[in-house]
Every structure is written in C-alpha cells, then in structure tokens.
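This briefing walks through one protein model, starting with the whole chain and moving on to selected residues. Keep the structure open while reading and find each residue as it is named.

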Amino acid sequence: MNLQKLAILIGLASYALGFPRLANFPEYRSLAGLSPEEVRAVVRTFSSTPGAQPLPPSINDTSAKLVYDSAHPYEPDRPGDIRGPCPGLNTLASHGYLNRTGVATPAEIINAVQEGFNMGWNLASFVTYGAFVVDGNHLTNLMSIGANTTADGQLTPGLNIHGNFEGDASTTRGDYYFGNNYSFNETLFDELVYAANLVGDGMITVESASLQKYLRINDSIARNPTFSFDTPRYLTAYAETTFPLAFFVSNQTLNTTMNVTLDDARSFFEVHKYPEGFYRRQAPYDFTEVNTMFNTIFGLVGVSPGRNEGVGNYVSCYAYQRQVNLTAEMYPNPTSELEAAIKANLVTFYQTVGDPSCGQLFPFGQ
C-alpha cells in the first residue's frame, strides 16, 4: 500500500471516529435518523453511491418453468448471510436468484421474484419500492432482506424494521414485541399445521390459511400490548397470506386452484429451499390476482384495520401515500445528495402504483 492510500484510509478512519456509533456502518443500512454530518461521514466510507436507479423491464418469458435447476442449486446459509421475515426472498437468496448474502438492489429483487416465483412485474415493483423507500439505503441503492449482526455486535436492521413495512401477526414469524420478528417460529408453524388439519384435509388451503391468520391476529390482540393492524400492515398481512398459495405450489395454475402440502410449506418457511423439481406458477400473479384472493381471505377472516378502508386501487393509493409520508418523516433534513436520491426513488415508487387517479406526492418538492 502506498503512502497516499494509507493517508486516505487514516483520514477516513479519523473522520468516522468522530461518530462512534457509525463504526462498521454497512452500505445496505438505511440512512434514516442520521444527521447531515453523520451522513457525510458514512458516505465517505462507502465503495459506491450510485443513487436512485430506474425500474427494470418486465421479464419476457412468464410461462411455468423449472426453477430448482442446475443454475440455481440450494446452498445453506453461510456465516454472515442475511435472511429475514420473508420466506420467499430467503428462498431466492438461498438458490442464488438473489445475492446469497441477502443484500440486493431493488432491481435485483424485482427481477428475482419474477424469475423465481412468477410474481407479476407491477406487484413486484410496487411491493419492492414500498419497502425500499423506508428500509433501504437511497445512496448505495442497497437493502438487506433481514437482520444481521455486525462485527461489533450491533444489530443492523433491514426489511425486518418494525412498523415501516414489516408488521405483526405474520404467518411463521413472531411479533416484534416478543423479541424476534425475522426467524422461523416452530410454534407458529404448528398453528399453521393445526389449521390445515382442521379445515384443509392436511393441506394449506384458502380456508386453512384464513383460519391461521385469524388465530394469529387474535393471539396478537390478546398478548401483544403494542399490536397494530393499521395500513399498510393490514394490507400486507392479508396479501402475504395469499403468497404461499400463489407461489409455494409447483406449477400452480393461473387461478391458484392448487393447495400447499405441509412438507413443501416447511421447506419454504423454515429451510428456505425449493422442493425438488419445483416449477414456478403457470402465469404471473399480479394486482388483479392478489386483489381477488385478498378479498376472499378478508371475507373469511373479517378483521378490519383501525380505520375504514376499502380494497382495490384505493388501497394501493393509500399505501403509496402512507409510505411516502413516512419516508418524509424519516428524513427531515437530508443532505442535498440524499434528498435527490430520495426524490428520484419516490418518483419511481409512484410509477409502480398504476392508478392515474392517485395523486402524486412531492414531500421534498418537485
């Protein structure tokens, strides 16, 4: 190492030492809560700050195809690999559709859920940016799909940040109040099995998934003093209940008529692994399909949010508005570079709404 490089490294280290809590600050961690001075300090330690990037195009081939193939073998988590509250993203990382570290860009996530599960481009883009604008790093364009412990023992949050996008009453992850909202919970999976045996003939069906969600919500009401079921969690809780039926069935039909075996469910929820010979669904699962199943499951569960909401496009608009306003609250005084990246990402997020009647918000100006 030459003296010039050494001097630069010493200078960066000295600069960061002025903010001890920023030591080992990961490039994928959200910059929310940092002062402008702290943002400038950590940015100087990042290897790259590309800022906001455009949406990727939709994939061309949306037919059913083998996704557990030789190009995407299963690999157990390595030390340092990040996994989180979403079993689908965990599985994609464990098979290499996402970076196996569990750190990815929005475009990589959008592409991965299309390629690996045949999630529709519109839904994939909306959900990804709904999470990224509140949980991602706007300057490095990276986000973690879960939680990780840094070298100095600090918990570095990602998609598991409670109340931004992740929420209570998850299918197989515990409520944040109880200490771990990102790891597989055997007790909750047993509840899924109980519901499947009671009303699904030993399979996960629309009825059994709805029953388990009803039990989860009421258990959280009874035991979690901080339980919240307002938008957007109300929306994501019901939407995620449809995902195993839509994505965890090999060669699932266009209308999602097939049920999930409990063995396959465990493979996804706990091991983060495709079952052998797994084919993605026969056609994309997009807003139209999720709204249909959302309404069915909501009709069976019947638990409403803390305010009177409808379903359909208005729901997407309300979720967009909520996430934009939350983002503005999280970044009250961004640096000029950070503000430019946030503004661009919010414009991209609006492009995913797909509803011209939903007014675009500009909390940082146009």
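The accessible surface of the protein comes to about 15700 Å², and carbon and sulfur atoms hold 54% of that area. The model is predicted. Its secondary structure amounts to 12 helices and six strands. Of the 366 residues, 52% count as buried. Among contacts with a separation of 6 or more, 69% are between residues 24 or more positions apart.

**The disulfide**

- The structure holds one disulfide. Its partners are Cys 317 and Cys 358, with sulfur atoms 2.1 Å apart.
- Cys 317 is part of helix H11, while Cys 358 is in the segment after H12, so the pair ties together parts that are 41 residues apart in sequence.
- The link of Cys 317 and Cys 358 is right-handed, with 80° about the S-S bond.
- Both Cys 317 and Cys 358 are buried.
- Another cysteine, Cys 86, is partly exposed, because its relative accessible area of 28% falls between the limits of 20% and 50%.

**Aromatic pairs**

- The count of aromatic pairs comes to 26.
- One of them joins Tyr 68 and Tyr 274, a tilted pair with 6.5 Å centre to centre and 35° between the planes.
- Tyr 68 sits in the loop between H2 and H3, and Tyr 274 in the loop between helix H9 (262–271) and helix H10 (287–301), so this pair ties together parts that are 206 residues apart in sequence.
- Tyr 68 is buried at a relative accessible area of 16%, and Tyr 274 is buried at 0%.
- Phe 243 and Phe 247 form another tilted pair, with 5.4 Å centre to centre and 55° between the planes.
- Phe 243 and Phe 247 both belong to helix H8 (residues 233–247), where they are four residues apart, about one turn of the helix.
- Phe 247 counts as buried, because its 5% relative accessibility is under the 20% limit.
- Ring pairs link a cluster whose members include Tyr 68, Tyr 274, Phe 243 and Phe 247. Tyr 97, Phe 117 and Phe 278 are also among the residues of this cluster.

**Two buried loop residues**

- Val 67 is in the loop between helix H2 (36–43) and helix H3 (87–94).
- Is Val 67 buried or exposed? Val 67 is buried, because its relative accessible area of 0% is under 20%.
- Leaving out residues up to four places away in sequence, Val 67 touches His 72, Tyr 97, Glu 115, Gly 116, Tyr 274, Phe 278, Tyr 279 and Arg 280.
- Tyr 97 and Val 67 are 30 residues apart in sequence, and their C-alpha atoms are 9.4 Å apart in space.
- Thr 335 is in the loop between helix H11 (313–330) and helix H12 (336–351).
- The relative accessible area of Thr 335 is 7%, and this residue is buried.
- Which residues does Thr 335 touch, not counting residues up to four places away in sequence? Thr 335 touches Pro 36, Val 39 and Arg 40.

- Asn 141 is a residue other than glycine with a positive phi, near 65°.
- Asn 141 belongs to the loop between helix H5 (121–135) and strand S2 (143–144).
- With 6% relative accessibility, Asn 141 counts as buried.
- Asp 201 is not a glycine either, and its phi is positive at about 55°.
- Asp 201 is found in the loop between H6 and strand S5 (203–204).
- Asp 201 is exposed, because its relative accessible area of 78% is over 50%.

**A nonpolar surface patch**

- Tyr 194, Leu 198 and Val 199 make a nonpolar surface patch of about 300 Å².
- Tyr 194 is a residue of helix H6 (residues 186–199).
- Tyr 194 is partly exposed, because its relative accessible area of 49% lies between 20% and 50%.

Key:
Residues are numbered from 1 along each chain as its sequence is written. This is a predicted model: local features need pLDDT of at least 70, side-chain atom pairs count only at pLDDT 80 or more; totals for chains, interfaces and linings use all residues. Side-chain values use heavy atoms; hydrogens and water are left out. Buried means under 20% relative accessible area, exposed over 50%, partly exposed in between (1.4 Å probe, protein chains only). Contact means heavy atoms within 4.5 Å. A disulfide is a pair of cysteine sulfur atoms within 2.5 Å. Patches are made of residues with over 30% relative accessible area and no salt bridge: like charges are joined within 9 Å, nonpolar side chains (Val, Leu, Ile, Met, Phe, Trp, Tyr) within 5 Å. Accessible areas come from the Shrake-Rupley method with a 1.4 Å probe; for residues, only the protein chains shown count as cover. A salt bridge is a side-chain nitrogen of Lys or Arg within 4 Å of a carboxyl oxygen of Asp or Glu. Rings of Phe, Tyr and Trp (its six-membered ring) pair if their centres lie within 6.5 Å; planes under 30 degrees apart count as stacked, over 60 as edge-to-face and the rest as tilted.
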